[in-house]
Amino acid sequence: GSSWLDLGCPRKMRHACSFALFATFGRLPAAAAPGKATKNLCAAAVVLPFNATRPFDAAGRASLARNPTCTARFGEIRTVRGRQRERLTVGYSYYCDVHHLEHNVRLWNTFPAVILDHVHFLIVDDGSPDEARAAPVVARNVEAASVTVVEIEQDLAWNIGGARNLLFAVAPTDVIFVMDMDTFAPWELLEWAMGQLEPVRESCLVINAFRRLAPRCPLPCPHPAVMLLTKLSYWHIAGCDEDLVGRYGGTDPLFRHKTSVMRSCTTTHAKNLGDMPFLQVIKRNIGPRKTKANGNKKIGLVAAKINGTRPWATSVLRFSWYVAFSTVPASASVPAPTPVLVPAPTKATSGTPLLRRGAVSWWRRWITRRLRS
């Protein structure tokens, strides 16, 4: 493939050029990678601090807002291009997982066209070194699937929360199915997920604990990271806490804690919503890994967040990124839905949850009955 310099992008302008090229050509060269940046960046956005009593606001006033101490970076947050009929984003965080990614992409190639027409696969490469970047892996394996790779320019240790925040900031659809790179979701499970779009849109509903078939589980066991929810619900819960970046662990447990105590949100295990295919675990490969020593649980950071001795983070996206690859050409794409990016209130509110006008749908009544039974 062509290099960034071949395409006329000077080294200092690669981040800006990536979006311009993406808008012009749709499919970016997969082999081009800017060098890993080392400069400390201010956060691109802020969210309201987590507040378990805040009512759910369908207008999205708890969503991303301009960082008052770093206003210039807010404009970098742009949703990636999607195709006309896409209804669901399946999102992955990636770091040097070449074997897992190859396995997933090759299986996506076998999915029925009726599934691929409605699904966008979004991969956030969390600063992998050049020899293990996600974009070239996708480029040499993808066939019919709609896939975008967004690459974080800094190689930050254990940036799991930051990568997930970026996924929810730039996804082309309002509903995201968060996956783990070492798992494979059968197309029948994606079909089931698309049947849940209206329920998760109508309130702050998080569906998690999707069961997987894993060698270490005698029976199908719940996956700690896989979940289905909307962008509005995710930012209402204040996203993932990026104070945990730099040390191993705690991202998923802390987010599950927030969903469990959020009074205006409902969390339900997937098994409570009927039969569905299990996730399948891809055999682990040996690749570059970051040290797990002195993780967030060991140093007490997770407990401090929960008990209130450490404040919840409000700044998100503390890094830069660019679109490294996309299968969606500009001629076949439509402008992605504009995310709700409005100034956040200066004070958190409390009270009873806000309900949308109109009759409650039968989907919502059905889920409520199942949760109460």
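Buried means under 20% relative accessible area, exposed over 50%, and partly exposed in between, with a 1.4 Å probe and protein chains only. This is a predicted model, in which local features need pLDDT of at least 70, side-chain atom pairs count only at pLDDT 80 or more, and totals for chains, interfaces and linings use all residues. Residues are numbered from 1 along each chain as its sequence is written, and side-chain values use heavy atoms, with hydrogens and water left out.

**Exercise 1. Cysteines and burial**

Task: Is C240 buried or exposed?

Solution. 
- Step 1. C240 has 3% relative accessibility, so C240 counts as buried. C96 is buried too, with a relative accessible area of 3%.
- Step 2. Take a disulfide as a pair of cysteine sulfur atoms within 2.5 Å. Searching the whole structure gives two disulfides.
- Step 3. C42 sits in the loop between α1 (14-25) and β1 (45-46), and C70 in the loop between β2 (65-66) and β3 (82-83), so the pair ties together parts 28 residues apart in sequence. Helices (H or I, at least four residues) and strands (E, at least two) are DSSP runs, numbered from the N terminus.
- Step 4. Check accessibility. C42 is partly exposed at 31%, whereas C70 is buried at 9%.
- Step 5. A disulfide also joins C204 to C265, S to S 2.0 Å. The link of C204 and C265 is right-handed, with 75° about the S-S bond. The pair links distant parts of the chain: C204 belongs to strand β9 and C265 to strand β13 (residues 265-269), 61 residues apart. Both C204 and C265 are buried.

**Exercise 2. Aromatic pairs**

Task: How many aromatic pairs does the structure hold? Why is the pair of W108 and F121 classed as it is?

Solution. 
- Step 1. Apply the rule: rings of Phe, Tyr and Trp (its six-membered ring) pair if their centres lie within 6.5 Å; planes under 30 degrees apart count as stacked, over 60 as edge-to-face and the rest as tilted. The structure holds twelve such pairs.
- Step 2. The ring centres of W108 and F121 are 3.9 Å apart and the planes lie at 15°, so this pair is stacked. W108 is in helix α2 (residues 98-108) and F121 in strand β5 (residues 119-125), 13 residues apart. W108 and F121 are both buried.
- Step 3. For F168 and Y234 the centres are 3.7 Å apart and the planes at 5°, so this pair is stacked. The pair connects helix α5 (residues 160-170), which holds F168, with helix α8 (residues 231-236), which holds Y234, 66 residues apart. F168 and Y234 are buried.
- Step 4. Look for a cluster. Y92, W108, F111, F121 and F184 form one.

**Exercise 3. Cavities**

Task: Which element gives the most to the lining of the largest cavity?

Solution. 
- Step 1. On a 1 Å grid over the protein atoms alone, a cavity is a set of points where a 1.4 Å probe fits but cannot get out; lining residues have an atom within 4 Å of a point. Grid points are joined across faces, edges and corners, and a volume is the space filled by probe spheres set on the points.
- Step 2. There are four cavities of 30 Å³ or more. The largest has a volume of about 70 Å³.
- Step 3. Its lining includes R164, V206, D252 and F255. Two or more lining residues come from each of β9 (204-208) and α9 (251-261). α9 gives the most, with four residues.
- Step 4. The second largest cavity holds about 60 Å³. Among its lining residues are L189, F210, R211 and K271.

How values were computed:
1 Å grid on protein atoms, 1.4 Å probe; cavity = no way out; pocket = protein on both sides within 12 Å on 5 of 7 lines; lining within 4 Å.
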